[in-house]
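Subject: Structure for your review

Dear colleague,

Please find below the structure that I am handing over to you. My findings follow it.

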Amino acid sequence: TLKIKGIGYNYIFGYDKNYKGKVEFFENDYYPNKIYINGNKQDIINNSYLFNQTDNYVELIWDNSITNCTNMFRKCSNITLINLSDFNTSQVTSMEYMFYGCSLLTLLNLSNFDTSRVTSMEYIFYGCSSLNSINLSNFNTSQVTNMYHMFNNCSSLMLLDLSNFDTSKVTTMSSMFYDCSKLLKLQDLKKDSHF
C-alpha cells in the first residue's frame with residue numbers, strides 16, 4: 001500500500017509525456033492485477049489523477065509472483081511512503097532502478113523483502129534524497145554482483161547498517177555512496193566481503 005501526500009496539485013506517479021493509458025513505471029509482467037485509489041477500484045493507474053493537500057492511499061495487488069522489479073517505482077517523485085512488507089519478492093532476480101528518483105520518499109518499509117535470488121541492485125535507491133534511514137537488515141545479498149550507484153544521491157541518509165551484507169560476489173561498487181553527504185555512520189559489512 002502506498003500513502004501519497006500531495007504538495008499543491010501533482011500527478012500521483014509523476015508526469016509521463018508519452019502517457020498512453022498505463023503508467024510507464026509498471027510495465028510488462030509486473031503491472032498490478034488490481035489497483036485501488038482511496039478504496040475505489042481502478043482499471044488502470046490514470047497518470048492524470050490529480051490530488052491536493054490530502055493523504056491518498058494507493059493499493060497495488062499482484063496475483064502472481066514477480067521475477068523482475070527493474071524500474072518498478074522509477075521516478076515516482078510524488079510518493080512519500082511505500083509499504084511493501086507484504087510484497088513477495090522470493091522469485092525476483094533484478095531490483096535495478098526500483099526506487100530510482102523517488103525524491104520525496106521519507107518512509108520505505110522493506111521488512112519482509114526476500115532478496116536471496118537478486119543479482120543486481122544497481123541504482124536501486126538512487127536519488128531517494130529525502131530518506132534519512134533504510135532498514136536493510138533482512139537483505140540477503142549473497143548472489144548480488146552489481147551495486148553500482150546503489151545509494152547515490154541519498155543526500156539525507158544519516159545511518160546505514162550493512163552489517164548483514166555479503167558482497168563476496170560483487171564485482172562493481174562504483175559510486176555506491178556518492179553524494180551521501182549526511183552519512184555519519186556506515187556499519188561494517190561481513191568479514192568475508194571485499195568491501
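Among contacts in the protein chain between residues at least 6 apart in sequence, what percentage join residues at least 24 apart? The value is 78%. Please keep in mind throughout that this is a predicted model.

Overall composition

The protein chain contains 10 strands and zero helices. Its pattern along the sequence is accordingly written β-β-β-β-β-β-β-β-β-β. Of the 195 residues in the chain, 46% are buried. The accessible surface of the protein chain is about 9600 Å², and carbon and sulfur atoms account for 44% of that surface.

The nonpolar core

The largest nonpolar core consists of 45 residues. Phe73, Met98, Phe99, Phe125, Leu136 and Phe151 are the residues with the most contacts inside this core. Two or more residues of the core come from each of these elements: strand 3 (34-37) and strand 6 (55-61).

When residues up to four places away in sequence are not counted, Met98 touches Cys69, Asn71, Met72, Phe73, Arg74, Leu84, Phe87, Phe113 and Ile124.

A patch on the surface

Which residues form a nonpolar patch on the surface? They are Met158, Leu159 and Leu184, and together they have about 320 Å² of accessible area. Leu159 lies in strand 9, which covers residues 159-161. Leu159 is described as partly exposed because its relative accessible area is 45%, a value that lies between the limits of 20% and 50%.

The loop between strand 8 and strand 9

Asn152 is located in the loop between strand 8 (107-109) and strand 9. Is Asn152 buried or exposed? It counts as buried, because its relative accessibility is 4% and the limit for a buried residue is under 20%. With residues up to four places away in sequence left out, Asn152 touches Phe125, Tyr126, Gly127, Ser175, Met176, Tyr178 and Asp179.

His149 is buried, with a relative accessible area of 11%. Although His149 is not a glycine, it has a positive phi of about 55°. For background, most residues other than glycine have a negative phi.

Asn153 belongs to the loop between strand 8 and strand 9 as well. Asn153 likewise has a positive phi, near 65°, and is a residue other than glycine. Asn153 is partly exposed, with a relative accessible area of 24%.

The loop between strand 7 and strand 8

Ser85 is situated in the loop between strand 7 (81-83) and strand 8. Ser85 counts as buried because its relative accessibility is 16%, and buried means under 20%. How far apart are Ser85 and Asn112 in sequence and in space? They are separated by 27 residues in sequence, while their C-alpha atoms are 5.2 Å apart in space. Asn112 is also one of the residues in contact with Ser85 once neighbours within four places in sequence are set aside; Asn109 and Ser111 are the others. The side chain of Ser85 also makes a polar contact with the side chain of Asn83, at 2.8 Å.

Yours sincerely

Note on methods:
Residues numbered from 1 in each chain as written. Predicted model: local features only at pLDDT ≥ 70, side-chain atom pairs only at ≥ 80, totals over all residues. Heavy atoms only, no water. Helix = DSSP H or I, 4+ residues; strand = E, 2+ residues; numbered from the N terminus. Buried < 20%, exposed > 50% of the residue type's maximum accessible area, 1.4 Å probe, protein only. Contact = heavy atoms within 4.5 Å. Areas by Shrake-Rupley, 256 points an atom, 1.4 Å probe, with all protein chains shown as cover. Core = buried A, V, L, I, M, F, W, Y, C linked by side-chain atoms within 4.5 Å. Patch = residues over 30% accessible without salt bridge, like charges linked within 9 Å, V, L, I, M, F, W, Y side chains within 5 Å. Salt bridge = Lys/Arg side-chain N within 4 Å of Asp/Glu carboxyl O. Polar contact = N/O pair within 3.5 Å; in protein donor to acceptor, adjacent residues only side chain to side chain.
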